[in-house]
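Please read them with the model open.

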Amino acid sequence: MADNEFELTHRDRLGNHTPASNRTHVEAFNTSTEADRSALNQLGKNPILKRNFGFLSILGFSSTALICWESMLIVLDQGLKNGGPSGVIYGFILVWIGSLATFASLTELASMAPVAGGQYHWVSMMAPARSQQIVSYIEGWLTVAGWQALCAGAAFLSAELLQALVSFTDPQYTPKPYQTMLLIWAVVALSVSINAQGGTFLPRFEGLILISHILGYFGLLIPLIVLSNHQPTSAVFNNFSNGGNWSTKGLSFMIGLNGAVFVFAGKVITTSSIESGGG
């Protein structure tokens, strides 16, 4: 009974459009432009965005948003201090499994309603009628706040990394706060200029980022494997630590999970670009 009520409610919110040919869900929401336009029309939305992103460019954009291995290097010290080498490995696997469940839910919602609004639209679509507006309003502002915090955090980390590189090459260099701020604004200005170009430039740029992302991973991994000092297996898979001096190692391990969670923090970003993706 509950399933039937949900199906009827979902059809009402989609405009109660039932194709005469009884198309399947996959056929109705396939990746072709015409089918996506039809799906948006069924949702009561007029398609206005140019569909410039293909599979590889969207994949590159996802890699840019997540930057898993790059961000893992930034926050690796948190896991090593709270959890140790084994805590980093098992914690990453645990958070990956949880993120995979989130990915599965988001991709199902994205296939049902491929709109740029993303979460706030889906919340309105799935929420009870009496609370649609308020919960969608709250989710919309939470998304805006998240975007602002993410942009500020990414620019700050980029500025810190640039100053760290300068300090590494020139030991006499002492980072100044105003230099960090100037670098933050430079990173923001570069990001805005790239995204403002739009058109065919941004998808191509994302493809270039994808190539750099993959090559950089192996360019870092191979020298580490070949040139680093190898440790016994027990030192990697059975070596937990409590460097934060918490009450138990288990609590220390949970604290160290913050680094792994940060790595997957950008998983919802690409949902805002699904309306710009093409087949």
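1. First, the term. On a 1 Å grid over the protein atoms alone, a cavity is a set of points where a 1.4 Å probe fits but cannot get out. Lining residues have an atom within 4 Å of a point. Grid points are joined across faces, edges and corners, and a volume is the space filled by probe spheres set on the points.

2. Next, the ground rules. This is a predicted model: local features need pLDDT of at least 70, side-chain atom pairs need pLDDT 80 or more, and totals for chains, interfaces and linings use all residues. Numbering runs from 1 along each chain as its sequence is written, and side-chain values use heavy atoms, without hydrogens or water.

3. The cavity. Searching the whole structure gives 1 cavity of 30 Å³ or more. The largest cavity holds about 80 Å³ of space. It is lined by 14 residues, and G79, G87, V88, G256 and A260 are the closest to its centre.

4. Which elements give two or more residues to the lining? They are helix 5, helix 6 and helix 12 (249-263). Helices here are DSSP runs (H or I, at least four residues), numbered from the N terminus. Helix 12 gives the most, with 5 residues.

5. The lining has 8 nonpolar, 6 polar and no charged residues. Ala, Val, Leu, Ile, Met, Phe, Trp, Tyr, Cys and Pro count as nonpolar, Asp, Glu, Lys and Arg as charged, and the others, Gly among them, as polar.

6. Helix 5 on helix 6. Helix 5 spans residues 68-81 and helix 6 spans residues 84-112. They pack at about 120°, with axes 8 Å apart. Axes are lines fitted to C-alpha atoms over the stretch in contact, and angles run from 0 to 180 degrees between N-to-C directions. The two helices are therefore oblique: that class is what remains after under 35 degrees (roughly parallel), over 145 (roughly antiparallel) and 65 to 115 (roughly perpendicular). M72, L76, G79 and L80 of helix 5 meet G84, P85, V88 and F92 of helix 6; contact means heavy atoms within 4.5 Å. The contact has 6 nonpolar, 2 polar and no charged residues.

7. Helix 6 on helix 12. Their axes come within 9 Å and cross at roughly 55°. This pair is therefore oblique too. Helix 6 contributes G87, Y90, G91, F92, L94 and V95 to the contact; helix 12 contributes F253, L257, A260, V261 and V263. By class, that contact has 9 nonpolar, 2 polar and no charged residues.

How values were computed. On a 1 Å grid over the protein atoms alone, a cavity is a set of points where a 1.4 Å probe fits but cannot get out, and a pocket is an open set with protein on both sides within 12 Å along at least five of seven lines; lining residues have an atom within 4 Å of a point.
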